[in-house]
Structures are given as C-alpha cells and as structure tokens.
Amino acid sequence: MNQPDSTPSSTLQGFDPEQDAAAAIEMAADLLRESRALQTPQERRQQSELDRMIGHDADKATLVEMTDQAFRTHTPARVADQMTHLLDLQGIPRFFSPVEQAMLKGFQSFGEYLPGVAVPLVKEK
C-alpha cells in the first residue's frame with residue numbers, strides 16, 4: 001500500500017516564510033497606497049477624525065460609553081440625561097472639531113431642557 005508522504009517538508013515545498021511575508025507586506029502597502037489615492041475628501045476628513053479619536057484613549061472610552069449608554073434608549077429625555085452626565089464626568093472628546101465641541105458644550109448646558117429638539121440634532125451629527 002503506497003501512502004502519500006505527509007511529512008512537513010513535502011507539504012511545504014516552495015514555502016519561504018521570509019519571502020512570503022515580504023511579499024504580503026509589499027502587497028498590503030500597494031493596497032494602502034491605492035486606497036488612499038481613491039479616497040474622497042469626505043473620506044479623508046472622516047479618516048482624520050478617526051485618527052484623532054484613536055490617539056486619545058479617554059476620548060475613545062467616552063465615545064464608547066456615549067454610544068453604549070446614551071443612545072441605547074429611544075427616550076430623548078433619557079438620552080439627554082445620560083449624555084450630559086457623561087460629558088460632565090469625562091469632558092468633551094478632543095477629536096471633535098471646534099464647532100462640534102461648541103455644539104456639545106451647548107448641549108451639555110441646555111440639552112436637558114429641550115431633549116426632543118437637542119437629541120435628534122446630536123444623533124444626526
């Protein structure tokens with residue numbers, strides 16, 4: 001009975017880990033260059049915002065808590081209460097633009113008074 005040789009050397013013929021890793025890295029770099037060349041201005045702005053967010057662990061935590069706690073409910077008054085509480089405790093994340101930071105400061109001060117108006121605006125933004 002003749003069985004195929006299943007030793008590691010026979011199944012990995014032509015496999016060179018260093019050469020294959022280098023080729024994979026070069027392919028990934030090519031894909032990254034191509035994807036950057038195809039980005040729209042809006043996508044570049046979004047990427048820049050995400051880069052700023054990733055740079056601050058506290059801001060990431062605030063955003064996660066915002067989306068997890070504040071936006072879980074569909075009751076505007078509860079969302080406003082949770083958002084205001086989080087902003088009071090952790091501050092306004094730095095990755096937001098100056099205009100967005102000003103809007104959040106306004107929400108922090110007045111959002112609980114008009115949740116039916118303020119919350120949909122924050123969710124949309």
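Rings of Phe, Tyr and Trp (its six-membered ring) count as a pair if their centres lie within 6.5 Å. That goes for the legends below, which all show a predicted model.

**View 1. The aromatic pair, Phe95 with Phe96.** Search the whole structure and you find one aromatic pair. The ring centres of Phe95 and Phe96 sit 4.5 Å apart with their planes at 35 degrees, so this pair goes down as tilted. Planes under 30 degrees apart would count as stacked, and over 60 as edge-to-face. Both Phe95 and Phe96 are buried.

**View 2. Helix H5, residues 76-90, from end to end.**

**View 3. The buried side of the story for H5.** Which residues of H5 are buried? Val79, Ala80, Gln82, Met83, Thr84, Leu86 and Leu87 are. Their cover includes helix H4 (57-70), along with H6 and H7.

**View 4. A nonpolar patch on the surface.** Phe110, Tyr113, Leu114, Val117 and Leu121 make up this patch, which comes to about 620 Å². Tyr113 belongs to the loop between helix H6 (98-110) and helix H7 (115-124). Is Tyr113 buried or exposed? Its relative accessible area is 66%, so Tyr113 is exposed, the cut-off for that being over 50%.

Notes: Residues are numbered from 1 along each chain as its sequence is written. This is a predicted model: local features need pLDDT of at least 70, side-chain atom pairs count only at pLDDT 80 or more; totals for chains, interfaces and linings use all residues. Side-chain values use heavy atoms; hydrogens and water are left out. Patches are made of residues with over 30% relative accessible area and no salt bridge: like charges are joined within 9 Å, nonpolar side chains (Val, Leu, Ile, Met, Phe, Trp, Tyr) within 5 Å. Accessible areas come from the Shrake-Rupley method with a 1.4 Å probe; for residues, only the protein chains shown count as cover. A salt bridge is a side-chain nitrogen of Lys or Arg within 4 Å of a carboxyl oxygen of Asp or Glu. Helices (H or I, at least four residues) and strands (E, at least two) are DSSP runs, numbered from the N terminus. Buried means under 20% relative accessible area, exposed over 50%, partly exposed in between (1.4 Å probe, protein chains only). Contact means heavy atoms within 4.5 Å.
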